Structure formats: structure tokens, C-alpha cells
Amino acid sequence: MPTGYISIGSNIDKEIHIPSSLNALRDLFGELTVSSIYESEPVGFVGDSFYNLVVGFQSELPAKSVAKLLRQVELDHGRSRDSQKFSARTLDLDLILYGDEIINDGRLQIPRDEIEKYAFVLEPLAEIAPALTHPISKVSYADLWQKFDKREIRQRKLDNSERN
């Protein structure tokens, strides 16, 4: 059964949408491996800060089916169908990895290039799956995070008292 990883982000009512999305994902996939929550500045636009995290799960569903389920959870949380890439959002759920699959099929890209591009995806992924290797580069996420250029990062890991 493949292990998948989902990047989660929210900057509209994030204190509501992040816990609610975790409940929805548990209902769909059962037990989750959940990273810390990171607060980060928006990328590509000016707006409220985001909460970002990554969760791991196991499923026998095809990756496309998982992606459709994630899209429905986003819509259930008030995400509009025509939301722009760089904009405020109630909830953003991206299937970033699914086993060792490599998929480039329209809107579904696995592994997502955001893994190596954005600290708000790579750091929480490296936290919960440090020894796992990228299916294309074969480099571990811990090593990718160690080598990541951290000079421009504008994010911080929240402790439990800051999440409420």
C-alpha cells in the first residue's frame, strides 16, 4: 500500500481550516503522520501569513482518485474552483508524493516541484520523512533540506501554544 504525502496550507481562518482538514483527511485515510505547523509569509502576493504542514497517509486508491478527494475537501472548506495559484485561500491540499510514483498528467504532478522549491513544503516533509528519497533525484528529504538555501526563508515552526 503506497504512502502518500499531502502539503496543507491555509491563510483564511487557518485556525479553523487546518484542524478541520486534518479531521477530514483522517476520515478518508485513517491514521496520519502529521508534521509541525509552520507559519510562513505568502509567496507571490501580499496577504496574511499561512499555516503550512505536511501529512503522510496510506491508501490503496490510485493517485488520481486521491487528488479528486483532496479537491473535494478543499471545496468543502470554501475554496473556490477558480482560485489563482498565488492568492489567499481557505485551504490548499496538494498530493506531493505517492509511493515512488512519477506522474505528469495535466494538473496531477507527482512528485510536485514545490518540494524542492519552497521551504514551507520541504521543511515539514523532511521533519516527518527525513530518510525517504525523492523518486527522481534519489536524494533524501533530510539532505535536500540541509542543502536548501535558507537565506530568504520567512517561516517559523509554531509550538503547540501558538496554534490555538
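**Aromatic pairs, helix packing and a pocket**

The count of aromatic pairs comes to 4. The model is a predicted one. One of the pairs joins Phe57 and Tyr98. Its ring centres lie 6.1 Å apart. The planes stand at 35 degrees to each other, and the pair is classed as tilted. Stacked pairs have planes under 30 degrees apart, and edge-to-face pairs over 60, so the angle of 35 degrees falls in the tilted class. Phe57 belongs to strand S4 (residues 50-58), while Tyr98 belongs to strand S5 (residues 92-98). The two partners are 41 residues apart in sequence, so the pair ties together separate parts of the chain.

Helix packing was examined for H1 and H2. H1 spans residues 14-29 and H2 spans residues 63-76. Their axes lie 11 Å apart and form an angle of about 145 degrees. The crossing is right-handed. On the H1 side, the contact is made by Ala24, Leu25, Leu28 and Phe29. On the H2 side, Val66, Leu69, Leu70 and Val73 meet them. By class, the contact of H1 with H2 has 8 nonpolar residues, with no polar and no charged ones.

Two backbone features occur in loops. Asp13 sits in the loop between strand S1 (3-10) and H1. Its phi is positive, at about 50 degrees, although Asp13 is not a glycine. Pro111 is placed in the loop that runs between strand S7 (108-110) and helix H3 (114-117).

The second largest pocket holds about 180 Å³ of space. Its lining consists of 13 residues. Val43, Ala119, Glu152, Ile153 and Arg154 are the lining residues nearest the pocket centre. The lining of this pocket divides into 7 nonpolar, 2 polar and 4 charged residues.

Methods. Residues are numbered from 1 along each chain as its sequence is written. This is a predicted model: local features need pLDDT of at least 70, side-chain atom pairs count only at pLDDT 80 or more; totals for chains, interfaces and linings use all residues. Side-chain values use heavy atoms; hydrogens and water are left out. On a 1 Å grid over the protein atoms alone, a cavity is a set of points where a 1.4 Å probe fits but cannot get out, and a pocket is an open set with protein on both sides within 12 Å along at least five of seven lines; lining residues have an atom within 4 Å of a point. Grid points are joined across faces, edges and corners, and a volume is the space filled by probe spheres set on the points. Ala, Val, Leu, Ile, Met, Phe, Trp, Tyr, Cys and Pro count as nonpolar, Asp, Glu, Lys and Arg as charged, and the others, Gly among them, as polar. Axes are lines fitted to C-alpha atoms, for helices over the stretch in contact, and angles run from 0 to 180 degrees between N-to-C directions. Helices (H or I, at least four residues) and strands (E, at least two) are DSSP runs, numbered from the N terminus. A crossing is left-handed if the near helix is turned anticlockwise from the far one by less than a right angle, and right-handed if clockwise. Contact means heavy atoms within 4.5 Å. Rings of Phe, Tyr and Trp (its six-membered ring) pair if their centres lie within 6.5 Å; planes under 30 degrees apart count as stacked, over 60 as edge-to-face and the rest as tilted.
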